[in-house]
Every structure is written in structure tokens, then in C-alpha cells.
Amino acid sequence: MYEHTFPKKRFKHTLDFLNQHVSKSESILDLGIDNPLSELMKSEGFKVQNTSGVDLDLNATEIEQSPATVITAFEIFEHLLSPFTVLNAIKANKLVASVPLKLWFAPAYRSKTDMRDRHYHEFEDWQFNWLLEKTGWKIIATDKWTNPTNKIGFRPLLRRFTPRYYIVYAERNSKI
């Protein structure tokens with residue numbers, strides 16, 4: 001289906017899900033700076049603009065002022081202290097968001113070298129659903145997938161069967 005080779009399994013799953021729920025004629029604001037996935041989305045024909053890298057916990061102006069009809073947020077909400085505030089600030093009426101799921105056999109991710117690369121939240125699917133519902137989103141579709149590694153051991157074995165990523169397509173009446 002795609003001409004690209006995917007550096008990550010999640011990129012293929014994310015693009016497949018996005019293609020199912022978002023028209024390439026719609027404008028997308030992708031939360032976070034330009035990244036390999038947003039570049040891949042552009043190469044697939046999506047009209048994507050990224051946020052500038054401002055701390056979204058402190059300043060949601062780019063989100064509030066965006067004319068985009070779709071917001072995408074791929075593995076970003078776990079890095080925010082207040083995903084509620086960001087979700088509530090969205091004016092677009094469509095959202096495609098993915099989060100890493102909380103794994104009972106692995107601690108939350110915390111980079112030892114980059115103080116900004118920490119997970120304040122790792123959600124269970126029902127927790128993320130509640131957060132979306134509390135901020136006015138109606139969940140239309142969801143999907144989960146695993147993220148196996150080529151390592152040996154008990155946890156790598158569990159990663160072959162335990163979903164690691166959760167993606168949601170949600171809609172709400174425009175707040176504009």
C-alpha cells in the first residue's frame with residue numbers, strides 16, 4: 001500500500017488509522033514540532049502544520065488560534081502535565097491521538113539524559129477515554145497494537161502479546 005519503508009511499526013499503524021478517518025483535503029495541526037511521522041504524513045498527501053515547540057502546558061495559543069479542522073497528537077499527551085487543558089483548548093472538531101499504554105510489567109518512561117522527555121502519564125485505554133469524554137470528545141473509533149522487541153527475556157516476551165499503543169479518532173461540535 002505504501003511506497004515508504006517504515007522506521008517504526010507505529011508509523012504504519014498510525015497512517016493506516018489516519019487514512020481511515022481523515023480526508024487528505026482537511027487541514028491538520030499536529031501537536032509537537034516537525035518530526036519523521038509528520039513528514040511522512042505530508043509525503044502521503046496530508047496538509048500538516050506542526051506546533052512550534054512551545055510548552056503546551058503553559059501556552060495553548062497555537063492550538064486555540066489554529067484554523068485546522070483536525071488535530072493530531074501522536075505520543076504527546078503523556079508528556080504534558082495537563083492534557084485536560086490542551087484537549088479543552090482545541091477548536092477543531094476532529095482529533096486523532098495516540099498514547100502509549102501503561103504496562104503493568106514496565107515502569108513509566110523517564111529519560112536520564114533529557115529532562116523534557118518524561119512521561120507524566122501512561123494511560124490505560126479507559127483512562128484516556130474518560131479524559132477525552134470529560135473534554136467534550138465523542139470517541140468514534142479506536143485501535144491498539146503491540147510493540148515487540150528483539151530482546152530476550154520475560155518482559156520482551158510479554159511485549160509480543162500486550163498492546164503498547166492506543167489510538168483514538170474522536171469528534172465534537174466545533175467550539176469556534
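A residue is called buried when its relative accessible area is under 20%. In this predicted model, buried residues make up 46% of the 176 residues in the chain.

Among contacts with a separation of 6 or more, 63% involve residues 24 or more positions apart.

At the level of the sheet, six strands form an open arrangement in the order 2-1-3-4-6-5, with mixed pairing. Strand 2 (47-50) and strand 5 (138-145) are the edge strands, each pairing on one side only. On average, neighbouring strands of this sheet are turned by 20° against each other, direction ignored. Strands of a sheet pair through backbone hydrogen bonds, and the pairing may be parallel or antiparallel. Strand 5 and strand 6 (residues 165-171) run antiparallel and are joined by seven bridges; here Lys-138 stands opposite Glu-171 in strand 6.

Two helices that pack on the sheet can be followed next. Helix 1 (residues 9-21) touches strand 3 (70-74), strand 4 (94-100), strand 5 and strand 6, and its direction makes about 155° with that of strand 5. Helix 5 (residues 125-134) touches strand 4, strand 5 and strand 6, and its direction makes about 20° with that of strand 6.

Five aromatic pairs are found in the whole structure. One of them, between Phe-77 and Phe-128, is tilted, with 6.0 Å centre to centre and 45° between the planes. Phe-77 lies in the loop between strand 3 and helix 4 (83-89), while Phe-128 belongs to helix 5, so the pair links parts of the chain 51 residues apart. Phe-77 counts as buried because its relative accessible area is 0%, and Phe-128 is buried because its value is also 0%.

Phe-128 forms a further pair with Tyr-166, this one edge-to-face, at 6.4 Å centre to centre and 85° between the planes. That pair joins helix 5 to strand 6 across 38 residues, and both Phe-128 and Tyr-166 are buried. Together with Phe-123, the residues Phe-77, Phe-128 and Tyr-166 are linked by ring pairs into a cluster. Elsewhere, Lys-24 lies over the face of Phe-46, at 5.4 Å from the ring centre.

Methods: Residues are numbered from 1 along each chain as its sequence is written. This is a predicted model: local features need pLDDT of at least 70, side-chain atom pairs count only at pLDDT 80 or more; totals for chains, interfaces and linings use all residues. Side-chain values use heavy atoms; hydrogens and water are left out. Buried means under 20% relative accessible area, exposed over 50%, partly exposed in between (1.4 Å probe, protein chains only). Contact means heavy atoms within 4.5 Å. Two strands pair if DSSP finds at least two bridges between them. Helices (H or I, at least four residues) and strands (E, at least two) are DSSP runs, numbered from the N terminus. Axes are lines fitted to C-alpha atoms, for helices over the stretch in contact, and angles run from 0 to 180 degrees between N-to-C directions. Rings of Phe, Tyr and Trp (its six-membered ring) pair if their centres lie within 6.5 Å; planes under 30 degrees apart count as stacked, over 60 as edge-to-face and the rest as tilted. A charge sits over a ring if NZ of Lys or CZ of Arg is within 6 Å of the ring centre and within 35 degrees of the ring normal.
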